[in-house]
Each structure stands twice: as C-alpha cells, then as structure tokens.
Amino acid sequence: MTIHINGTVRHREFTLTLDETFPSGTTWAILGANGAGKSTLLRAIAGLQPLTTGSLSIDGALVDHADGFITAQRRRVGLVFQDYALFPHLSVADNVSFGFQTPRGGNLSKGRARREAAHLLEQFALTELAERKPGQLSGGQSQRVALARALAPRPQVLLLDEPLAALDVVARAQVREDLALRLAEFTGITLIVTHDPADARLATHVAILDQGLVTQSGTVWQVCQQPIGPYARALADAFG
Amino acid sequence: MRSRGTSRQAAPWFLVIPGFLGLALLVLPLVGLAKDVPWSGLWRIWTDPAALTALRISAECATASMVIAGVLGVPLAWLLARDVVPGTGVLRGLVLVPLLLPPVVSGVALLSAFGRYGVVGGVLFDWFGIQVPFSTAAVILAETFVAMPFFIITAEAGFRALNRQYEQAAATLGAGSWMTFRRITIPLMAPALIAGALLTWARALGEFGATITFAGNFQGVTQTLPLDVYQLLESDRAAAAGLSLLTIAVCIVILIVLRGRFQRTAP
C-alpha cells in the first residue's frame with residue numbers, strides 16, 4: 001500500500017507542486033515553515049481539497065485525477081486536525097463512537113459503536129474521561145481523543161496536522177512520547193505535518209517543503225547527512 | 001471636582017438628551033397602556049371566550065408558522081450561507097423583501113397569488129376546490145410570509161459562524177452529508193435555530209396587516225389576538241388595553257428567553 005501524488009494544488013495565489021511516493025509502513029514528518037504548503041498537502045490526501053492538476057492514488061486506487069474525485073467520506077484516510085476539531089457537543093465516548101457508526105467504520109448501531117469506542121478508549125487510557133465534553137479536556141487529552149477518533153474507522157492512512165503545536169512546551173515532550181507509542185502500533189502510512197524539527201523523532205522519513213515545493217525527502221538519516229536549506233540544517237542539528 | 005473611582009465613561013449631553021428622548025418614545029406608549037388597563041377586571045378580559053379563542057388561534061397559527069419556517073428555512077438559509085447556487089445575493093434580497101413590505105401589501109400580494117383567481121389559488125380551486133383566503137390556513141400562510149425572513153436571517157448567520165472543520169472532520173470519519181447534517185451541523189446550530197424560531201414565533205404572533213387583508217377577521221376562524229384587540233378598540237377600549245397587556249407579557253417572556261440564548265457563545 002502506497003500513496004503516490006503527482007500534480008499541483010492551487011489555492012488563491014499559492015501553488016503546491018508535488019511528485020512524491022509514500023511507501024507502505026512509513027511515517028513521515030512533513031517539515032516546513034508556515035505557508036510552505038504542508039496543510040494543503042494533508043487536505044489533498046484527505047480529500048478536503050481537490051488537486052488542480054495531476055493525480056493522487058492511495059493503495060493503487062486513483063482517488064483524484066482529471067475525471068474522478070473520491071470524496072473524503074469514501075477515502076480510508078484519518079485526519080487529526082491542528083486544533084483537534086473534536087465535536088464540542090458530544091462527549092469523548094460519542095466523539096470516538098461517531099467513527100464506528102459511519103459506513104466506513106462499519107455502520108454499527110449506537111450501542112455496538114459505544115462498546116467499540118469503550119474498547120478503544122481503554123487502549124488510549126481515556127476511559128476515565130469518556131463522559132467529559134471536549135471543553136473539559138487538556139490539550140494533551142484532546143489530542144489523544146482526536147487520535148483515537150481518527151483511528152476508529154480503521155484508516156489506511158493517518159494524517160496529523162501540527163499535532164503538538166497547540167500544546168505548551170512542558171506538555172509537548174511528554175505528549176510526543178505518548179504519540180510515538182500510539183503511532184508505533186499503527187501499521188498504515190502516517191504523515192505528520194510540523195514546523196518543529198524535533199517532531200521528526202516520531203518519523204522514519206522526512207520531506208521538507210519550501211514555498212510549495214519539496215526541496216528534500218528521504219529517511220531522516222539521509223536528510224541529516226546532506227541537509228539542504230535551513231529546515232534540513234535545523235533537523236540535522238536536532239539529530240546531530 | 002469630579003468624583004473619581006468610577007470606570008463609567010463620562011456621558012456628553014448631546015448623546016444623553018436625544019438618547020433618553022428615544023427611550024421615552026419607546027416606553028411612553030407602554031406607560032399609557034398600563035394606565036388604561038382595568039387591573040381589577042383583567043382576569044375577566046383574559047378569560048372571555050372570544051379572547052381565549054383568539055389566543056388559541058394565535059398560538060396555533062404562530063406555532064404552525066414557526067414549524068414551516070424551520071422546515072423550509074433551514075435548507076434555504078443553508079443554500080444562502082454556503083453560496084452554492086448562482087445569484088445568492090439576489091436570492092437573499094428576495095428573502096428580505098417581506099421584512100420591508102408594508103404588511104397590508106403582503107396581504108394583497110398573498111391574495112394575488114392564492115386568491116380564487118390567483119396564480120396558485122386558481123389552480124387549487126379549479127383542481128381541488130380549495131379556497132385559501134379567509135381560512136385558518138390563510139392566517140398561517142400570512143404569518144409565515146411575514147415572519148420566515150427572521151428565521152432565515154438568524155439561521156444563515158448561524159451557518160456562516162459555524163466552524164467548517166467539524167463537518168470536515170465528520171467527512172474524514174466516513175460520515176455522509178445527511179449524517180453530518182443531522183448529528184453535527186444541526187446540534188451545533190441549535191442556539192441560532194432556537195433564537196430564530198422564537199423570533200419567528202413572536203413576529204407571527206403579532207402579525208396583523210397581512211392577516212386581516214388575506215385572511216379577514218372572523219371570530220373562531222381567523223381572528224387572532226391582535227385582530228381581537230383591534231375589534232375591541234371600537235367597542236371596549238379598556239378591554240383592548242387589557243388584552244394588549246397579554247401580548248406584551250408574551251413579548252417579555254420571549255425577550256427573557258432570547259437573552260439567555262444570545263449570551264451563550266456560539267461554537
């Protein structure tokens with residue numbers, strides 16, 4: 001199972017140009033400054049933003065090309081939003097069970113979905129928070145709920161948009177450890193968008209985006225060996 | 001010397017005087033009404049059979065209008081807010097027209113459309129033998145025509161204020177548009193929808209001009225509370241004042257309920 005994207009996404013004045021393959025079982029840190037096109041890349045893969053030209057295939061299936069577009073609803077792609085976007089009117093348990101009640105998540109009845117959600121919450125050490133509303137959670141807790149929710153419909157691809165940016169510095173290191181453990185259990189492809197080179201710890205591979213172009217990509221080790229540009233150098237410093 | 005220690009802004013006279021004049025203009029009629037109300041005979045006026053019937057018709061028709069405005073207004077507000085059809089600006093203008101029309105003109109327009117020889121009314125009569133004007137249905141139609149824009153404006157503002165990420169999150173979890181709409185969009189919109197529904201109900205309850213023109217003033221069929229007040233004015237001014245007080249009481253209750261709603265911050 002791989003993701004292959006070859007094309008452009010135009011958003012107002014900005015154009016993102018891509019020719020990348022994300023192979024099976026890899027975890028990627030997509031590094032770059034604000035406005036480099038990182039989130040646009042995630043939205044294109046998730047199906048929230050159509051490509052302007054070119055094509056995108058996931059697991060051999062063309063999901064976005066000149067004469068066809070598979071919507072987000074029907075892609076097996078999970079997305080953890082930057083500010084988590086937990087449904088504010090639903091409890092933690094209902095946020096997670098939502099994904100089990102969709103056609104992709106198995107169309108489960110409310111009761112069965114809640115049982116599945118309870119199981120998932122237990123794995124994520126969230127059982128005690130099950131009846132809380134998102135407004136009553138800390139940043140780290142919200143992030144864990146958002147990750148559990150995204151995994152509920154069993155995605156093949158997991159996308160995380162700046163998963164640690166909303167956290168304060170003290171919480172960040174701890175949540176990163178926690179996230180690393182969770183992600184290790186996920187067998188699909190993971191893409192983590194971040195502007196913090198330290199987050200590359202979560203990844204096996206890294207792609208560096210600058211003004212809509214991938215300037216460098218490969219394993220973390222490869223990029224650190226011959227860094228090109230400030231972000232790659234910062235990465236090399238962080239791992240040096 | 002001025003006293004210190006108050007955070008209140010000093011109020012210049014050129015704002016205070018006209019400001020209070022404006023307030024007086026709004027409040028004085030109510031004071032006058034309170035003076036005319038026969039307080040001791042109030043219960044008799046409120047429980048008069050004709051008044052009770054009018055109150056029942058008012059409440060039923062306003063509620064029916066509110067339901068129609070909700071069922072048709074939510075989709076229309078969505079279309080306007082999401083800009084999915086060409087010419088949304090023009091459509092929004094059309095929706096606002098009933099707000100600006102003199103209610104009598106609304107009544108005349110409704111007669112032209114739904115009357116015996118109207119565009120729609122003619123078909124209804126020729127094919128089904130249905131006559132809309134001067135029926136309870138006409139009251140509901142007139143009230144809906146006048147009051148629905150309030151609902152649409154409020155609901156559209158609610159749709160615009162809604163953070164689209166929640167709907168996008170639902171889509172990435174595999175939810176279809178109906179599931180997302182029912183389980184995410186509508187619950188998040190609840191404060192705006194309730195506020196819009198209450199405004200619509202209040203406006204429908206007070207409707208007079210379009211109703212009397214299009215539905216007439218028939219006791220037990222189309223006579224709503226405002227129409228009853230109007231009729232009483234010719235025979236029994238004190239009773240008219242007493243009955244008016246009832247509508248004011250309803251307005252105050254709605255204001256109190258809405259105040260709580262508007263103070264809740266939308267998500």
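Helix H1 (residues 38–46) of chain A is mostly covered, with nine of its nine residues buried; here a residue is called buried if 20 or more other C-beta atoms lie within 10 Å of its own, exposed if 12 or fewer, and partly exposed in between, with C-beta atoms placed from the backbone. The buried set of H1(A) runs through Lys38(A), Ser39(A), Thr40(A), Leu41(A), Leu42(A), Arg43(A), Ala44(A), Ile45(A) and Ala46(A). After H1(A) comes Gly47(A), with a positive phi near 95°. Helices (H or I, at least four residues) and strands (E, at least two) are DSSP runs, numbered from the N terminus.

The model is a predicted one, in which local features need pLDDT of at least 70 and side-chain atom pairs count only at pLDDT 80 or more, while totals for chains, interfaces and linings use all residues. Residues are numbered from 1 along each chain as its sequence is written, and chains are lettered from A and ligands numbered from 1 in the order in which they are written.

Tyr231(A), Ala232(A) and Leu235(A) are buried in H7(A). Viewed down the helix axis, these buried residues fall within an arc of 95°, so they line one face of H7(A); the arc is that of the directions from the helix axis to the C-beta atoms. Pro230(A) and Asp237(A), on the other side of H7(A), are exposed. The packing partners of the buried residues of H7(A) are strand S3 (27–31), strand S10 (205–210), strand S11 (213–219) and helix H6 (220–225) of chain A, where two residues are in contact if their C-beta atoms, placed from the backbone, lie within 7 Å.

A helix pair also stands out in chain A. Helix H2 (residues 92–101) and helix H4 (residues 139–151) of chain A pack at an angle of about 25°, their axes 7 Å apart. Axes are lines fitted to C-alpha atoms, for helices over the stretch in contact, and angles run from 0 to 180 degrees between N-to-C directions. H2(A) and H4(A) are therefore roughly parallel to each other, given that angles under 35 degrees count as roughly parallel, over 145 as roughly antiparallel, 65 to 115 as roughly perpendicular and the rest as oblique. From H2(A), Val92(A), Asn95(A), Val96(A) and Gly99(A) meet Val145(A), Ala148(A) and Arg149(A) of H4(A). The residues of this contact divide into four nonpolar, two polar and one charged; Ala, Val, Leu, Ile, Met, Phe, Trp, Tyr, Cys and Pro count as nonpolar, Asp, Glu, Lys and Arg as charged, and the others, Gly among them, as polar.

In the loop between S7 and H2 of chain A lies Ala85(A), which has a positive phi of about 50° although it is not a glycine. Ala85(A) counts as buried, with 24 C-beta neighbours inside 10 Å. For context, most residues other than glycine have a negative phi.

Where the chains meet, 21 residues of chain A are in contact with 15 residues of chain B. On the side of chain A that touches chain B, the elements giving two or more residues are strand S7 (77–80) and H2 of chain A. The largest share of that side, three residues, comes from S7(A). Its residues divide into twelve nonpolar, seven polar and two charged.

Chain B has twelve helices and zero strands. Its C-alpha trace spans about 80 × 65 × 30 Å along the principal axes, and buried residues make up 35% of the 267 residues in the chain. Among contacts in chain B with a separation of 6 or more, 76% are between residues 24 or more positions apart.

Helix H5 (residues 103–114) of chain B has twelve residues and reaches 16 Å from its first C-alpha to its last, close to the 16 Å expected at 1.5 Å a residue; the expected span is 1.5 Å times one less than the number of residues. Ser106(B), Gly107(B), Leu110(B), Leu111(B) and Phe114(B) are buried in H5(B). Seen down the axis of H5(B), these buried residues fall within an arc of 140°, so they line one face of the helix. They pack against helix H4 (88–100), helix H6 (119–128), helix H7 (136–161) and helix H10 (209–214) of chain B.

Finally, Phe134(B) is found in the loop between H6 and H7 of chain B and has a positive phi of about 60° although it is not a glycine. Phe134(B) is partly exposed, with 17 other C-beta atoms within 10 Å.
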